[in-house]
Amino acid sequence: MLPSSLLEKILLRGREGGADFTEIFLEESSSSSLELLDGKMYALSSGTIRGLGLRLLYGTKVRYGHTSRLEEGPLLDLAANLAAARGPALPPAAAAAGKHLSPEPLRPEDRHPVRVPAAAAPAGDRVEMLQFCDRRIRAFDPSLTQVNARCLEKEQLVWVANSEGLYVHDRRTYSRLMVSAVAERGGDRQTASENPGRRAGFEFFRELDLEDLCATVARRAVTMLRAEYARGGRMPVVIGNGFGGVIFHESCGHSLETEAVRKQASVFAGKLGQAIAHPVVTAVDDGTLPGVWGSTNIDDEGLPAQRTVLIERGVLRSYLSDRVGAGEVGVPRTGSGRRESYSLAPVARMRNTYIDRGPHTLAEMLAAAGDGLYAKTMGGGSVNPATGEFNFAVQEAYEIKNGAVGAPRRGATLIGKGVEVLPRISMVGSDLEFDAGTCGAASGSVPTTVGQPSLKVDELLVGGR
Amino acid sequence: MIPDTLFDIFTGAAAHLKIPLADASCSASRHIAVSVFQGQVEKIDQAEARRLVVRVVEEQRTGFSFTEDLFPESVARALARARENARWLPARPVELPLPRPGLNGAQEALGLYAPDLESLPVADLINFGLRLERECLSGDSRLINVPHLQVFRVAGEARHLSTRGVEYRSRANSAGAYAGVVAAEGGQPKMGFSQYHRRRFDPEAWREIGAEARARALAKLGARPVSPGNFPVVFDRETAPEFIGLFLTAFSGEAALKGMSRLRGRLGEKIAAEGVCLEDRPFLPGAGGSAAFDGEGYPAQPLTLIENGVFRNFLYHDAAGREAGAASTGHGGMGAQGGIYTHHHNLVLEPGRGGLEDLLRLPPACLLVTEMQGTAGCNAVSGDFSLGVQGFWVERGERVHPVDQVTVAGNFFDLLQNIKTISADVDSNLGSLRIPAFLAGPVAVSG
């Protein structure tokens with residue numbers, strides 16, 4: 001999109017204030033969203049963003065700026081202004097010549113090839129798909145009074161170039177279907193949703209089992225409408241597979257990102273090599289999984305994606321690092337530098353994070369729980385990595401009574417502290433599944449996947465009535 | 001930031017493409033943010049961003065497109081794409097308003113922009129941040145870290161344009177800072193947070209922010225749960241707007257039309273306690289949500305939502321108002337990626353008398369909520385909430401001990417009916433929700 005000669009000029013101008021490393025993230029993204037609501041097509045929007053982010057590093061001190069004006073003049077001004085704003089205690093140095101960029105960028109092997117580009121799929125196919133979802137869900141039960149279905153497609157082209165001579169280009173294609181339903185009875189309403197996504201083209205939508213998806217959403221909304229409120233208190237909790245992985249994402253994952261570790265704002269800082277979880281827990285963050293929503297070919301610092309074992313049989317083995325974090329914490333880089341767009345500097349973020357398979361069955365976990373809560377489907381959550389305090393909502397739950405799944409329960413929240421919950425995950429199943437999500441943190445919202453098999457937490461605080 | 005020629009570029013492109021009815025919302029912002037850690041400037045972030053969102057209405061079908069480029073060819077491409085998108089949607093009556101004289105003057109008179117703030121030097125932001133960090137860590141060895149500290153200045157411009165001749169302009173700027181301080185005792189870290197966001201920058205405000213952040217962190221040490229039960233709850237001046245804000249889509253006319261609001265069909269009914277008055281006030285001088293016009297080009301207007309507990313009005317954008325047999329109430333916004341949404345300007349819960357301490361003395365015992373842990377457990381459609389919170393257990397007006405690892409659960413629409421007392425204690429930071437601390441309940445508390 002921009003010639004490498006101009007990128008070199010920008011990198012060099014950025015170093016004129018004494019920066020010892022400069023990096024460009026150039027982006028062009030196209031996205032579209034088609035939404036159905038109330039049985040009709042409701043909104044259709046599409047657009048493009050293009051821009052450049054420039055990062056100057058003085059050791060591990062960051063100066064960052066971005067612009068959507070991609071002409072040479074404004075870009076060189078951006079570099080000059082950033083270099084001039086270096087602030088106190090950063091002595092200027094002679095701008096050592098950076099390495100030259102190759103005329104054309106390297107392109108990594110594409111682990112996520114697109115078989116049906118978005119432009120090749122007729123627009124009517126999307127309309128039919130969303131209308132199918134509406135019909136199937138409403139047909140499930142008369143209490144289902146509203147369906148919202150949205151088809152999201154995005155193609156992101158990125159170029160990363162830095163003063164060490166790295167110059168790479170990647171194409172990232174995302175497809176996602178978001179379906180939610182409202183069940184209503186006597187003024188009471190309950191909602192349910194499923195939001196699958198893949199690093200894929202339109203073939204993702206064609207290969208989705210829409211019948212199963214619609215039935216799942218419909219059944220969950222109707223079941224929760226008829227459910228009584230969950231009882232609050234501390235109790236054993238069995239958490240379902242797939243999106244249940246949000247428990248690890250919130251209770252531990254963010255606290256393993258070097259952005260928190262480097263500031264001593266993580267409860268797991270300084271604990272590499274220590275046992276932080278039950279020995280049955282092995283947890284991985286893997287950016288290489290073909291076609292999975294949170295995967296990349298390269299991260300947003302230009303490094304190849306990696307598979308990182310975070311916890312191995314309960315022992316903390318690795319953090320997730322970016323360039324700055326790796327330098328400050330003194331750990332290897334893990335190819336985890338990510339950002340929502342060119343408007344934000346990259347920091348270490350999760351990709352596809354999951355607890356690996358274990359030896360137990362769901363029946364064994366329920367029996368061991370005795371009386372408690374089966375959180376079959378989770379909602380979203382959040383965490384404060386500095387204190388380890390996390391929370392998440394439960395979208396679909398059932399009481400566990402005498403070691404078996406009992407009546408449905410609604411309105412449950414799970415809260416706790418990461419250092420307490422990890423040792424209490426005492427049983428892990430083998431039914432590993434992944435679910436797409438969006439994670440928000442210091443470098444914006446990025447696509448991430450959470451995953452796990454079903455697992456049992458010996459005790460968690462359940463918020464209920 | 002937004003070229004003066006944009007109106008001509010937009011209307012010229014629409015005319016060339018033979019698009020008779022279109023409007024657009026253009027926003028531009030410029031910010032600088034300084035992050036400080038361990039006595040050094042660890043990051044300076046500075047940027048300028050722009051976005052143009054375009055709406056085309058053709059045979060009552062509406063399509064959207066967006067771009068960050070304001071070149072004529074990019075604007076034309078966005079218009080063409082929006083028109084193509086419109087063809088896939090069913091007709092839904094919508095009107096674009098004619099220009100109303102005086103709105104630009106009224107907008108400028110709201111006092112949202114201070115020219116002298118533009119020249120606030122980066123060096124001042126840096127010095128402020130360094131002093132703030134020192135203040136956060138002063139006076140107590142249990143204060144160990146300030147992992148979150150930022151000082152910022154931001155300025156924005158917006159234009160609303162249409163082929164009917166509308167060209168409304170607005171500008172605003174502000175400055176502020178926040179600090180998150182960690183205190184630890186017995187191996188248990190707790191974080192206290194303070195933020196400051198104003199139209200004017202007080203170079204001495206680091207004292208107040210730092211003192212508040214460290215006091216909050218220290219006050220949380222030794223936190224423990226409470227025994228479960230049903231108790232009155234007080235939301236303080238920061239959690240009160242945060243909590244109420246989670247359920248505001250219930251007041252959207254669009255949500256009601258789509259069966260996603262429990263307030264559908266309840267106009268004129270008592271939905272809140274006696275004395276609860278909730279109004280949208282767009283013209284508060286300098287306030288965070290003040291505006292003379294909405295995102296569709298309609299004049300903003302004050303609107304009563306709840307009057308002495310009685311539900312009076314939904315918020316409507318144009319299409320939803322027409323469908324409901326009403327009219328736009330001037331509460332339409334254009335989304336950053338297209339679409340029209342419903343929003344408020346400055347939502348004001350009429351304050352009562354007294355401060356937070358007066359509220360706490362009212363019940364024999366209550367849970368004072370000073371922090372909400374996440375919002376995933378709130379459902380605006382059902383009104384159900386189940387939230388992790390932190391705060392204090394209070395008896396006879398005295399804080400007995402800090403509280404953590406508890407949840408509160410209930411339903412927002414029940415809570416509205418059980419608001420007991422509203423104080424006059426309102427957060428003075430910039431924001432669009434002026435909700436004072438209030439006493440309500442009981443709610444279910446689990447610990």
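How many salt bridges are counted between chain B and chain A? The count is nine, a salt bridge being a side-chain nitrogen of Lys or Arg within 4 Å of a carboxyl oxygen of Asp or Glu. The model is predicted, with local features requiring pLDDT of at least 70 and side-chain atom pairs pLDDT 80 or more, while totals for chains, interfaces and linings use all residues; side-chain values use heavy atoms, without hydrogens and water. Residues are numbered from 1 along each chain as its sequence is written, and chains are lettered from A and ligands numbered from 1 in the order in which they are written.

At the interface, 68 residues of chain B are in contact with 74 residues of chain A (contact: heavy atoms within 4.5 Å). The area buried between the two chains is about 5,700 Å², and carbon and sulfur atoms give 50% of this area; buried area is the accessible area (1.4 Å probe) that two parts lose on being put together, summed over both. On the side of chain B, B:Glu42, B:Trp88 and B:Gln405 lose the most area to chain A, together 11% of what that side buries. B:Glu42 also forms a salt bridge with A:Lys263, with the closest N and O atoms 2.8 Å apart. Strand S2 of chain B gives the most to the side that touches chain A, namely 12 residues. Helices (H or I, at least four residues) and strands (E, at least two) are DSSP runs, numbered from the N terminus.

Strand pairing, which requires at least two DSSP bridges between two strands, also links the chains. Strand S2 (residues 40-58) of chain A and strand S3 (residues 61-67) of chain B are parallel and share four bridges, and A:Ser45 has B:Phe64 as its bridge partner.

Within chain A, strand S18 (residues 404-410) pairs with strand S17 (residues 389-401) in the antiparallel sense through four bridges, with A:Lys401 opposite A:Ala404. Two residues lie between the strands of this hairpin, and A:Asn402 takes a positive phi near 55°. S18(A) also runs parallel to strand S8 (residues 228-229), joined by two bridges; A:Glu228 stands opposite A:Arg409.

In chain B, the buried residues of helix H1 (residues 6-16) include B:Leu6, B:Phe7 and B:Phe10, where buried denotes under 20% relative accessible area (1.4 Å probe, protein chains only). The buried residues of H1(B) pack against several elements of chain B, among them helix H2 (72-86) and strand S5 (167-185). Just after H1(B), B:Lys18 takes a positive phi of about 60°.

Terms used
Buried < 20%, exposed > 50% of the residue type's maximum accessible area, 1.4 Å probe, protein only.
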